[in-house]
Structures are given as structure tokens and as C-alpha cells.
Amino acid sequence: MHKNSIIIIILSITIIGMLIPAGFSANDYQIVITYGETTKNNAEYKNTVDSFFENQAHMDLKGVNSKIITANEVNKISSTITGKSYNSNQIFSSALVDLGDNDNLKVSVDKSKITTITGDMYLSALKSAGITNGHVYITSPVTATGESALAGIMNSYEVATDVEIPAPVKEAANKEIYTQAEIVKESNVSADDLSNLVDDVKETVKEENITDHQTIVNIINNTTINYNINLTYNDIENLAESIEQIQNVQGDINSYQTEVNDVLNTTTSNTGFLDGLFN
């Protein structure tokens with residue numbers, strides 16, 4: 001090999017190292033898995049979850065970054081929303097986030113295992129948090145409601161982008177998921193109908209920049225009529241509180257979106273440049 005060729009290779013490797021953003025690795029920066037604590041600690045459960053991810057996402061999970069979502073992490077969220085507390089043997093839901101699928105946010109839920117939270121509910125809550133890119137896959141080795149998965153999904157985005165989601169935004173998104181889950185479990189309202197109703201209300205509230213609680217309650221009441229949905233007084237109050245909370249953290253959501261978009265745009269630009277460099 002010529003001396004000049006060796007110098008070019010060394011320079012290329014140096015440039016590549018400089019171009020890859022902090023928090024990313026060359027092999028798997030676009031993909032992160034979060035396992036529920038119970039799933040991670042059981043080899044059979046983990047194999048079941050991995051098989052779902054590999055089959056659905058059509059990828060080899062070898063070398064992919066992974067994190068564990070513990071009961072303590074879930075309880076920090078649920079205790080402020082529902083007051084529920086989970087044990088280390090109750091956290092099953094797991095998620096894979098693929099930022100390589102970067103055009104529009106997509107959510108694929110294992111409906112045979114996740115019994116309460118639907119793909120549209122996850123999609124809506126993630127968009128509420130300012131997350132609009134990537135493909136999210138969610139499953140569990142056993143039947144589970146799926147509320148705890150959102151904590152893992154947001155954790156995955158933080159690992160993949162090296163950008164922290166503001167705590168008030170996390171709380172608001174989780175409040176949305178937990179509120180809808182409780183209504184579905186305690187009433188005869190279908191998850192799909194409730195998800196559509198919430199999306200419509202959120203869109204109206206955001207477009208008109210409404211933060212007044214009673215006004216949001218009135219919008220929910222009017223929307224229930226349009227969808228022919230019967231909600232209790234408490235259900236409507238809880239929904240209004242969750243939507244109001246999301247509206248109140250729009251500033252944090254916008255800041256987070258700006259940071260993430262900067263990272264994703266940089267990554268996309270570098271990928272194109274690296275392809276040319278390797279060629």
C-alpha cells in the first residue's frame with residue numbers, strides 16, 4: 001500500500017470520528033431497546049420479546065444498545081399520577097426505537113400482549129412530548145396493560161439522541177397515557193374512540209392556545225357528543241387536567257423538539273457525507 005493511501009485512510013477515520021455526534025456509536029446509534037425489569041431478568045421472557053422485535057423490525061439485535069426500566073422508575077411516574085406502585089416482578093412492557101426510520105413517527109404494538117394502550121394512544125402521547133420521528137415497536141412476554149412502556153420509549157429516545165426530555169414534558173405525556181388507560185379499564189368506552197376524541201380536543205386546544213380548565217372541559221363535552229361517547233364527570237375532569245398539563249409545557253416541548261431536530265439533521269447530513277467518503 002502506498003504511503004499516501006495510508007495517510008488518506010488515517011485522515012478519513014479521524015474525520016469520521018469527528019462527525020459522529022456524542023451519544024452515538026457507529027454501529028447502533030439509531031436503535032435502542034428498553035426492557036421491562038421483569039423481562040430482562042427472565043431469559044425466556046427476553047427471548048420472546050427479542051423474537052418479536054427481530055421479526056417486526058427485520059433486524060439483527062446483536063450489538064444494539066439496551067436499557068432496563070425498573071419498577072422504581074415506573075413508580076416515580078405512576079405515584080404522582082395514579083398513586084399505584086409496582087414491584088420488580090411486574091414490569092414487563094418493552095420497546096424498541098429505530099431512528100433509522102426517520103420520516104414520520106410510527107408505532108407498532110403487539111396487540112396479542114398489550115391489552116389496554118393502543119398504538120394510536122402511544123403515538124398521540126409521544127407527539128405530545130414533541131417526538132415526531134422514528135419507528136417504535138412495543139411488546140411484552142405476557143399480557144400487560146402497557147402503561148409503563150411509555151417511560152421506556154422516552155428513555156430510548158434520550159439514549160439514541162443524547163438529548164434529555166424535560167421532566168415536565170415526561171410527566172405530561174405519561175399523565176395522558178395513564179388517564180386514558182384508566183378510562184378504558186373502568187368504562188365501556190373503546191380505546192380507539194377515546195384516542196380519536198383526545199386527539200381532536202388536543203388539536204383544538206393547541207390551535208387556539210387554550211389553557212383555561214373549564215374551557216377545555218367544555219370542548220371535551222362537545223366532542224363527546226360528536227363521537228356519541230358517554231364519559232363520567234370524573235373522566236372528563238381527568239382528561240381536561242391531562243390536556244391542560246400538556247398545553248402548559250408547550251415551551252419545554254418546543255425547546256426539546258429543536259434540540260432533537262438539530263441532532264437528527266446533523267446525523268442525516270453526516271450519513272450522506274460518510275457514504276460519499278467511503279465510496
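1. Contact of α5 with α7. In this predicted model, helix α5 meets helix α7 through Met-121, Tyr-122, Ser-124, Ala-125 and Ser-128 on the α5 side. The partners in α7 are Ala-173, Glu-176, Ile-177, Gln-180 and Val-184. By class, the residues of this contact divide into six nonpolar, three polar and one charged.

2. Geometry of α5 and α7. Two packed helices are described by the angle between their axes and the distance between the axes. For α5 and α7, the axes come within 8 Å and cross at roughly 155°. Angles over 145 degrees count as roughly antiparallel, so α5 and α7 are roughly antiparallel to each other. The crossing of α5 and α7 is right-handed.

3. Contact of α6 with α7. Helix α7, residues 167–186, also packs with helix α6, residues 149–161. The axes of α6 and α7 come within 10 Å, and the crossing angle is roughly 150°. α6 and α7 are therefore roughly antiparallel to each other, and their crossing is right-handed. From α6, the residues in the contact are Leu-150, Ala-151, Met-154 and Glu-158. They meet Lys-170, Ala-173, Asn-174 and Ile-177 in α7. This contact of α6 with α7 has five nonpolar, one polar and two charged residues.

4. Contact of α8 with α9. Helix α8 covers residues 191–207 and helix α9 covers residues 213–227. Their axes come within 10 Å and cross at roughly 140°. That angle makes α8 oblique to α9. The crossing of α8 and α9 is right-handed. On the α8 side the contact involves Asn-196, Leu-197, Asp-200, Val-201, Thr-204 and Val-205. On the α9 side it involves Ile-216, Ile-219, Ile-220, Thr-223, Thr-224 and Tyr-227. Seven of the residues in the contact of α8 with α9 are nonpolar, four are polar and one is charged.

5. The sheet. In what order do the five strands of the open sheet lie? The order is β2-β1-β3-β5-β4, and the pairing is mixed. The edge strands, each pairing on one side only, are β2 (65–69) and β4 (106–109). On average, neighbouring strands of this sheet are turned by 15° against each other, direction ignored.

6. Strand β3 (residues 94–98) and strand β5 (residues 135–139) run antiparallel and are joined by five bridges. In this pair, Leu-96 stands opposite Tyr-137 in β5. Helix α3 (residues 43–57) packs on the sheet and touches β1 (31–36), β3, β4 and β5. The direction of α3 makes about 145° with that of β5. Helix α5 (residues 119–128) packs on the sheet as well, touching β4 and β5. The direction of α5 makes about 145° with that of β4.

7. Confidence. The mean pLDDT of the protein chain is 84, and 82% of its residues reach 70 or more. Over residues 6–28, however, the pLDDT is below 50, and this stretch has 27 contacts in the model beyond near neighbours in sequence. The pLDDT is also below 50 over residues 268–279, a stretch with twelve such contacts. Where pLDDT is low, the predicted coordinates should not be read in detail.

Definitions and conventions. Residues are numbered from 1 along each chain as its sequence is written. This is a predicted model: local features need pLDDT of at least 70, side-chain atom pairs count only at pLDDT 80 or more; totals for chains, interfaces and linings use all residues. Side-chain values use heavy atoms; hydrogens and water are left out. pLDDT is the predictor's confidence in each residue, from 0 to 100. Contact means heavy atoms within 4.5 Å. Two strands pair if DSSP finds at least two bridges between them. Helices (H or I, at least four residues) and strands (E, at least two) are DSSP runs, numbered from the N terminus. Axes are lines fitted to C-alpha atoms, for helices over the stretch in contact, and angles run from 0 to 180 degrees between N-to-C directions. Angles under 35 degrees count as roughly parallel, over 145 as roughly antiparallel, 65 to 115 as roughly perpendicular and the rest as oblique. A crossing is left-handed if the near helix is turned anticlockwise from the far one by less than a right angle, and right-handed if clockwise. Ala, Val, Leu, Ile, Met, Phe, Trp, Tyr, Cys and Pro count as nonpolar, Asp, Glu, Lys and Arg as charged, and the others, Gly among them, as polar.
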